Amino acid sequence: MPLFGGPLNRRGPGLLGAMARTAVVAGTASAVSGRVQRHQQEKFAQDEAREAAVDQARYEQEYARQPTAPTAPPAGGADVLDQLERLAELQRQGVLTEAEFAAQKARILGA
């Protein structure tokens with residue numbers, strides 16, 4: 001007697017045949033679903049990596065455009081230092097008040 005029906009069984013494949021067909025359909029659907037899911041995960045990972053690279057490039061461009069603080073003293077550095085030293089000495093001697101010292105210092109430094 002055949003497992004999945006045959007010429008003697010005219011009503012269909014029978015219970016065992018229906019179960020076997022269902023198992024094959026379910027297995028195929030599961031395999032296809034898994035393949036689609038893996039493909040989507042790979043695509044999302046690639047998109048995320050691309051976005052991260054773009055964000056990093058924007059970040060680097062933004063900070064490359066920002067001006068940096070000057071590290072060298074202003075032009076005429078020795079002259080400026082001499083003037084500041086004289087101002088500090090006058091303040092220590094009591095000739096200049098704190099406010100006068102601050103005002104003259106700002107004028108010399110160009111602030």
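Leu 16 sits in helix H1, which spans residues 14-65; helices here are DSSP runs of H or I with at least four residues, strands are runs of E with at least two, and both are numbered from the N terminus. The model is predicted: local features need pLDDT of at least 70, side-chain atom pairs count only at pLDDT 80 or more, and totals for chains, interfaces and linings use all residues. Residues are numbered from 1 along each chain as its sequence is written, and side-chain values use heavy atoms, with hydrogens and water left out.

The protein has three helices and zero strands, in the order α-α-α from the N terminus.

| Helix | Residues |
|---|---|
| H1 | 14-65 |
| H2 | 77-93 |
| H3 | 98-109 |

Of the 111 residues, 9% are buried (under 20% relative accessible area, 1.4 Å probe, protein chains only).

The largest nonpolar core consists of seven residues: Val 80, Leu 84, Leu 87, Ala 88, Leu 96, Phe 101 and Ile 108. Such a core is a set of buried Ala, Val, Leu, Ile, Met, Phe, Trp, Tyr and Cys residues joined through side-chain atoms within 4.5 Å. H2 and H3 each supply at least two residues of this core, and the largest share, four residues, comes from H2. Leu 84 is in contact (heavy atoms within 4.5 Å) with Lys 105, Ile 108 and Leu 109, leaving aside neighbours within four places in sequence.

Note on methods:
Buried < 20%, exposed > 50% of the residue type's maximum accessible area, 1.4 Å probe, protein only.
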